[in-house]
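Subject: Handover of a structure and findings

Dear colleague,

Please find below the structure that I am handing over to you. My notes on what was found in it follow directly after.

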Amino acid sequence: MLFTKHKSLIRWIIIGISFVIISLILWNTFMFFQSFKAEERIKMQIWSAAQRDLIKSTNLEGDIGELPLQILQSNTTTPMIMVDLNGNIEHNNLDEKKAKNTAYVKDLILEFEKENQPIEIIYDGQVLDTLYYGNSPLLNKLKYYPIAFLLIIVLFAGLVYVFYRSTKIATQNKLWSGMAKETAHQIGTPLSSLIGWTEILKTEAVNPDYIKEIEKDIARLETITERFSKIGSVPTLQETDIVKATVESYDYLKSRSSKLIDFSIDIPDYDIPVQLNPQLYSWTIENLVKNAIDAMKGKGQLSVKITPHDQDVRILVSDTGKGLYKNQYTRIFEPGFTTKKRGWGLGLSLAKRIIEDFHDGKIKVLHSEIGKGTTMQITLKR
């Protein structure tokens with residue numbers, strides 16, 4: 001209980017502690033790098049002193065001794081370039097093939113000069129050689145360690161974010177599923193009552209056409225209740241004539257839409273069986289048609305067309321509404337995205353889930369032009 005109450009505060013404390021730990025690790029790495037760099041410079045200064053003794057013994061024709069030679073031979077990792085008074089270049093620990101290229105060596109000298117201050121080898125008050133040296137391979141690896149560490153942290157943070165977001169989405173889906181099932185349960189009570197009252201009206205002197213329309217609406221409510229009750233569970237697919245299922249949804253929506261909408265339908269004159277959940281498919285057609293009507297502001301032309309192909313069947317819903325920009329073709333299927341002033345932006349995302357997740361089909365914007373209209377396409381396997 002206490003953890004739940006102070007969950008936000010605890011989260012920020014953990015984030016703060018993590019930030020402090022990361023900062024300390026990066027700071028210690030930086031200080032270690034600087035310390036290692038200073039030690040490497042001392043080694044190079046000792047190496048240059050040994051080189052000076054070599055020059056001194058050569059001029060005096062004396063014995064240099066073993067220690068300077070051991071120092072000169074001990075450095076096998078740090079890349080070095082030594083330039084004398086006449087511009088002659090000697091190198092050590094460089095790629096022999098690349099070192100033959102004079103331009104490469106000159107570029108390397110400039111690079112070494114930026115990494116470390118050159119060391120002058122002085123004898124009798126005269127600068128005989130200038131030593132340019134770069135960072136050793138170990139130092140270079142250490143230099144990139146903080147970057148690798150930060151990259152690991154970013155990747156880890158990304159994984160935590162994905163896990164947190166997926167958990168949050170799963171919780172939200174569970175909540176919406178529970179609300180949908182509860183809504184279906186709540187609708188069931190007045191719906192049962194309406195069915196009873198309809199049976200009573202049949203015994204009275206009521207126009208049969210009125211009762212017929214009421215029964216259609218009751219059937220529609222039963223369909224909606226079944227839809228909501230199935231949210232959160234895997235729907236059952238059965239072989240269904242896609243033509244008949246489309247016409248039923250089309251006829252119902254046409255009879256209850258504005259007379260200013262010019263409806264038209266183009267369908268084959270034969271059955272096309274597909275694996276379908278009729279209730280959820282009807283919900284998809286309803287969402288597409290209602291979106292089309294909203295896009296036309298209740299006035300225009302709306303057409304539904306079914307085109308069979310060898311491997312699939314395609315259902316086209318076209319309108320003469322305001323149209324979509326190309327960057328909205330995929331965004332309209334995102335939950336919460338809407339081009340209307342009112343609405344939750346869930347209709348098309350729900351349609352996408354019904355078609356692609358439950359029916360292994362495809363739904364997309366086939367074509368759209370601003371001011372001229374939009375054509376949506378559903379593709380289902382035969």
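Throughout this message, a residue is called buried under 20% relative accessible area, exposed over 50%, and partly exposed in between, with a 1.4 Å probe and protein chains only. Please note that this is a predicted model, in which local features need pLDDT of at least 70 and side-chain atom pairs count only at pLDDT 80 or more, while totals for chains, interfaces and linings use all residues. Residues are numbered from 1 along each chain as its sequence is written, and side-chain values use heavy atoms, with hydrogens and water left out.

Overall picture

The protein chain contains 10 helices and 11 strands; these are DSSP runs numbered from the N terminus, with helices being H or I of at least four residues and strands E of at least two. Of its 382 residues, 33% count as buried. The accessible surface of the protein chain is about 25000 Å², and carbon and sulfur atoms hold 59% of that area; the areas come from the Shrake-Rupley method with a 1.4 Å probe, and for residues only the protein chains shown count as cover. Contact here means heavy atoms within 4.5 Å. Among contacts in the protein chain with a separation of 6 or more, 66% are between residues 24 or more positions apart.

Nonpolar cores

A nonpolar core is a set of buried Ala, Val, Leu, Ile, Met, Phe, Trp, Tyr and Cys residues joined through side-chain atoms within 4.5 Å. The largest one has 35 residues, and those with the most contacts inside it are Ile-242, Tyr-281, Leu-302, Ile-315, Ile-378 and Leu-380. Helix α9 (residues 278-295) gives the most to this core, namely six residues. A second, separate core has 13 residues, including Trp-47, Ile-55, Ile-121 and Tyr-133.

Leaving aside residues up to four places away in sequence, Leu-302 touches several residues, among them Ile-261, Phe-263, Val-289, Ile-293 and Met-296. With the same exclusion of residues up to four places away in sequence, Thr-246 touches Tyr-281, Val-304 and Ile-306. Thr-246 belongs to helix α8 and is buried, because its relative accessibility is 1%.

Aromatic rings

A search of the whole structure finds three aromatic pairs. Rings of Phe, Tyr and Trp (its six-membered ring) pair if their centres lie within 6.5 Å; planes under 30 degrees apart count as stacked, over 60 as edge-to-face and the rest as tilted. One of the pairs is Phe-32 with Phe-36, which is tilted, at 6.2 Å centre to centre and 40° between the planes. Both residues lie in helix α2 (residues 7-60), four residues apart, about one turn of the helix. Phe-32 is partly exposed, because its relative accessible area is 47%.

Another pair, Tyr-250 with Phe-263, is edge-to-face, at 5.8 Å centre to centre and 80° between the planes. Tyr-250 lies in helix α8 (residues 242-255) and Phe-263 in strand β6 (residues 261-266), so this pair ties together parts that are 13 residues apart in sequence. Tyr-250 is buried at 6% relative accessibility, and Phe-263 is buried at 10% relative accessible area.

Backbone

Asn-93 has phi near 65°, a positive value in a residue other than glycine. Asn-93 lies in the loop between β2 (89-92) and α4 (96-99) and is partly exposed, at 28% relative accessibility. Asp-360, also not a glycine, has a positive phi near 55° and is placed in the loop between α10 (347-358) and β10 (362-369).

Yours sincerely
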